[in-house]
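Dear colleague,

Please find below the structure that I am handing over to you. My notes on what was found in it follow directly after.

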Amino acid sequence: LMTHPDTSIIRAWQGHRIEEKAFYALNGSFTIAVVKPGDFLNPADDEVPEFFNLSAENRSFLRVPGGCFTGIKATTAGATLLVLSGLDFIGSKEDDYRQPQERWVDWETIS
């Protein structure tokens with residue numbers, strides 16, 4: 001579970017070459033940006049994210065396949081996100097790749 005006490009917290013960009021993730025908003029709402037770069041290990045600066053809005057009200061799962069980077073921002077304070085993984089904890093850590101938060105999205109414009 002991931003809880004964001006306010007809307008200023010940004011979790012971006014975390015990527016996995018192999019691991020699949022699934023996201024479900026248990027409380028409140030989130031915007032999740034997903035980038036599937038042409039070259040995972042050397043993504044371009046002009047990659048275009050796809051945006052998904054999840055809320056406890058819409059009750060939908062978002063499945064993100066391996067080979068993607070995700071960025072997550074709560075759009076309501078106190079929001080809780082259930083995160084499911086296709087790998088165990090050790091496997092997930094070994095398949096963890098990061099990009100700078102400011103890459104691809106101006107998070108200040110997301111509300």
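An open sheet is built from 4 strands in the order β1-β8-β3-β6, with antiparallel pairing. At its edges are β1 (2–4) and β6 (62–64), each of which pairs on one side only. On average, neighbouring strands of this sheet are turned by 25° against each other, direction ignored. Strands here are DSSP runs (E, at least two residues), numbered from the N terminus, and two of them pair if DSSP finds at least two bridges between them. The angles are taken between N-to-C directions of lines fitted to C-alpha atoms and run from 0 to 180 degrees.

Please note that this is a predicted model, in which local features need pLDDT of at least 70 and side-chain atom pairs count only at pLDDT 80 or more, while totals for chains, interfaces and linings use all residues. Residues are numbered from 1 along each chain as its sequence is written, and side-chain values use heavy atoms, with hydrogens and water left out.

Within the sheet, strand β3 (residues 21–27) runs antiparallel to β6 and is joined to it by 3 bridges. A22 stands opposite R63 in β6. In general, strands of a sheet pair through backbone hydrogen bonds, either parallel or antiparallel.

I turn next to the aromatic rings. The count comes to 6 aromatic pairs, where rings of Phe, Tyr and Trp (its six-membered ring) pair if their centres lie within 6.5 Å; planes under 30 degrees apart count as stacked, over 60 as edge-to-face and the rest as tilted. F40 and F69 form a stacked pair, at 4.7 Å centre to centre and with 15° between the planes. Because F40 lies in the loop between β4 (29–35) and β5 (50–55) and F69 in strand β7 (residues 68–74), this pair ties together parts that are 29 residues apart in sequence. F40 and F69 are both buried, a term that means under 20% relative accessible area, with exposed meaning over 50% and partly exposed in between (1.4 Å probe, protein chains only).

F40 has a further partner in Y97: the ring centres are 5.1 Å apart and the planes stand at 85°, so the pair is edge-to-face. Since Y97 belongs to strand β9 (residues 97–98) and F40 to the loop between β4 and β5, the pair ties together parts 57 residues apart in sequence. F40 counts as buried at 11% relative accessibility, whereas Y97 is partly exposed at 27%. Ring pairs link W13, F40, F69, Y97, W104 and W107 into a cluster.

The loop between β4 and β5 also holds N42, which counts as exposed at 58% relative accessibility. The C-alpha atoms of N42 and R63 are separated by 23 Å, and these residues are 21 residues apart along the chain.

Finally, there are 4 salt bridges, each defined as a side-chain nitrogen of Lys or Arg within 4 Å of a carboxyl oxygen of Asp or Glu. One of them joins K21 and E19 (3.4 Å, N to O), and both of these residues are buried. Another joins R103 to D45, with the closest N and O atoms 2.7 Å apart. This pair links distant parts of the chain, R103 in the segment after β9 and D45 in the loop between β4 and β5, 58 residues apart. R103 counts as buried at 16% relative accessibility, while D45 is exposed at 63%. R98 and D96 also meet in a salt bridge (3.0 Å, N to O); R98 counts as exposed at 53% and D96 as partly exposed at 24%.

With kind regards
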